[in-house]
Amino acid sequence: MSETILKVANVSKRFGGLQALSDVGITIERGQVYGLIGPNGAGKTTFFNVLTGLYTPDSGSFELAGKPYTPTAVHEVAKAGIARTFQNIRLFPEMTALENVMVGRHVRTRSGLIGAVLRTGAFKREEAEIKARAQELLEYVGIARFADYKSRTLSYGDQRRLEIARALATDPQLIALDEPAAGMNATEKVQLRELIDQIRKDNRTILLIEHDVKLVMGLCDRVTVLDYGKQLSSGTPAEVQRDPKVIEAYLGTGGG
Amino acid sequence: MTQNKTGKLIVFVIAAIGLLALPILLQATGSNSWVRIVDIALLYVLLALGLNIVVGYAGLLDLGYIAFFAVGAYMYGLLASPHLAEHFAAIQAMFPDGLHVNIWLVMIAAAIVAGIVGMILGAPTLKLRGDYLAIITLGFGEIIRIFLLNLDRPVNITNGPKGISQIDPLTVFGFNMGQRHTLSIGDWTYTFQPVTLYYYLFLFFVILAVVLSYRLQDSRIGRAWMAIREDEIAAKAMGLNTRNLKLLAFGMGATFGGMSGVLFASFQRFVSPESFSLMESVMVVAMVVLGGIGHIPGVILGALVLAGLPEILRHVAHPLVELTGGRLGPEILRQLLIALAMVVVMLIRPKGLWPAPEHGKSLAK
């Protein structure tokens with residue numbers, strides 16, 4: 001019944017003398033929220049950057065929605081079907097919220113200079129379609145009333161929502177959220193949780209990289225814990241929480 | 001809503017009548033010089049609109065933009081003057097009267113060539129940003145000028161510092177714009193000076209450029225350019241091929257520059273490397289920034305102000321020159337006052353004289 005969206009195996013990446021990732025592998029099924037956690041410096045971000053084409057891995061195999069996938073150029077990643085958000089929100093500040101999401105439609109649309117200059121029928125149709133879809137996504141994440149505000153004027157929580165809407169606009173197979181709860185207050189975190197829940201209900205797949213263990217444990221279907229670039233443990237949140245290796249990494253051995 | 005529409009229509013009609021009547025009113029002063037100033041200002045508006053695509057939309061600071069203007073101007077200069085025929089026997093044999101290529105053909109060719117040159121010059125700068133990009137483009141701009149200056153030896157192509165003269169005036173469907181034309185309706189006659197005719201031609205191109213700029217701005221490509229300007233990393237993560245899009249911006253901006261160059265050459269009927277100095281590039285950038293970067297009405301205003309201001313100052317400065325017994329020459333004073341004006345504007349209105357509105361359409365009152 002279940003369908004594998006992302007299958008990553010044996011990913012290794014070395015920076016000089018530092019083995020940032022060694023033999024990491026995860027498999028994400030459609031409709032899952034998959035958590036990737038670990039202490040600072042565990043390799044979460046390196047893994048994320050390898051997946052999104054920013055770093056070239058030393059080894060590893062990738063498969064996205066049944067097709068082999070090589071994360072090379074950064075801009076090819078979104079086209080292949082992985083959309084991401086950034087730990088330190090990166091919107092297009094001087095563009096309106098609506099325009100931000102419209103940029104997200106770029107990879108799924110194709111009109112060029114000629115169409116824009118001559119305003120052909122095809123161009124107008126596509127433009128209307130882009131706008132309608134962007135508006136719909138703003139409503140989906142709950143910030144439609146700010147459509148015509150420049151994105152830099154939005155509150156922190158709303159900027160995060162806008163970033164998610166922009167990622168959704170690329171029609172992704174997988175949405176990768178890099179520490180979405182970072183810097184959020186308790187209310188904003190609850191709202192973010194609701195949004196992620198909603199996205200999962202719509203049968204979308206999410207890779208969540210997070211510091212906030214509580215959020216990950218409450219939200220994710222499966223979790224992988226990284227430590228020193230190694231895969232410490234994988235499983236359901238409950239299994240992982242019971243794993244003595246994880247307890248050791250987070251709390252220390254207790255000194256007997 | 002309907003009231004708003006009628007209001008817009010009235011503004012439009014008044015603006016159209018004003019623009020059409022402007023050269024005739026200026027002509028009433030008895031000399032061509034004011035119309036000429038306006039003509040040159042319109043050419044600057046064209047250049048500023050072209051540069052606005054590169055700097056305003058895509059956020060790539062180009063300090064060598066005038067090079068594309070030079071490419072267009074020299075293309076028309078070479079293809080529509082006796083120069084090449086005088087120096088090359090083969091061309092002399094083929095065209096005994098000298099080359100006189102139709103301006104519209106040159107216009108299209110110049111748009112294409114300038115666009116390609118723009119992309120070639122843009123290609124090595126793709127990984128650069130901000131100051132570094134500005135320095136490289138500045139260098140490229142100078143290289144083109146120095147080429148034009150020195151390509152008179154060993155074979156004389158550009159005629160070096162002497163420039164190319166005797167360039168054909170513009171002919172629109174057999175209508176020579178370099179001559180006076182008299183319009184008579186019954187007893188009433190009016191003589192159109194060439195400067196006035198050029199005014200209408202330039203106005204036509206400016207309107208065309210404005211329409212193009214707006215259409216580009218509200219399009220998939222325009223949004224992609226702005227996304228790159230705002231955050232290149234995020235733009236890449238959204239799947240934008242930033243390399244191709246940047247090249248497209250360079251090419252598109254250069255196309256505008258090349259076409260303005262053709263118009264300039266046909267208007268002056270003389271081109272020399274002097275007209276394409278670094279100072280000109282700086283002026284065009286200043287027009288875009290001073291007016292309101294990325295905002296079309298602002299860019300037009302900036303170009304008009306900076307192109308017109310020196311001429312107005314030329315008249316105003318006269319008493320000051322006399323006051324100082326000629327020690328403050330009009331040139332020095334002009335530069336001084338322009339610099340001062342720019343500093344003041346940037347202090348008071350850091351986003352330009354007429355910046356883009358703060359929010360999107362539905363919120364704009």
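Trainee: Which elements of chain B have the lowest and the highest mean pLDDT?
Mentor: This is a predicted model. Strand β3(B), residues 181–185, has the lowest mean pLDDT among the elements of chain B, at 76, and helix α9(B), residues 220–230, has the highest, at 96.

Trainee: And what is the mean for chain B?
Mentor: Chain B has a mean pLDDT of 87, with 97% of its residues at 70 or more.

Trainee: What ipTM does the predictor give the complex?
Mentor: The ipTM is 0.91, and the pTM is 0.90.

Trainee: Turning to packing, at what angle do α2(B) and α12(B) cross?
Mentor: The axes of α2(B) (residues 33–57) and α12(B) (residues 278–291) cross at roughly 75° and come within 9 Å. The two helices are therefore roughly perpendicular.

Trainee: Which residues make that contact?
Mentor: From α2(B) they are B:Tyr44, B:Leu47, B:Ala48, B:Leu51, B:Asn52, B:Val55 and B:Gly56. Helix α12(B) contributes B:Val284, B:Val285, B:Met287 and B:Val288.

Trainee: How many of them are nonpolar, polar or charged?
Mentor: Nine are nonpolar and two are polar, while no charged residue takes part.

Trainee: Now chain A: how many residues of α1(A) are buried?
Mentor: Six of the eight residues in α1(A), which spans 44–51, are buried, and the helix is mostly covered.

Trainee: Which ones?
Mentor: They are A:Lys44, A:Thr46, A:Phe47, A:Phe48, A:Val50 and A:Leu51.

Definitions and conventions: Residues are numbered from 1 along each chain as its sequence is written. Chains are lettered from A and ligands numbered from 1 in the order in which they are written. This is a predicted model: local features need pLDDT of at least 70, side-chain atom pairs count only at pLDDT 80 or more; totals for chains, interfaces and linings use all residues. A residue is buried if 20 or more other C-beta atoms lie within 10 Å of its own, exposed if 12 or fewer, and partly exposed in between; C-beta atoms are placed from the backbone. Helices (H or I, at least four residues) and strands (E, at least two) are DSSP runs, numbered from the N terminus. pLDDT is the predictor's confidence in each residue, from 0 to 100. Axes are lines fitted to C-alpha atoms, for helices over the stretch in contact, and angles run from 0 to 180 degrees between N-to-C directions. Angles under 35 degrees count as roughly parallel, over 145 as roughly antiparallel, 65 to 115 as roughly perpendicular and the rest as oblique. Two residues are in contact if their C-beta atoms, placed from the backbone, lie within 7 Å. Ala, Val, Leu, Ile, Met, Phe, Trp, Tyr, Cys and Pro count as nonpolar, Asp, Glu, Lys and Arg as charged, and the others, Gly among them, as polar.
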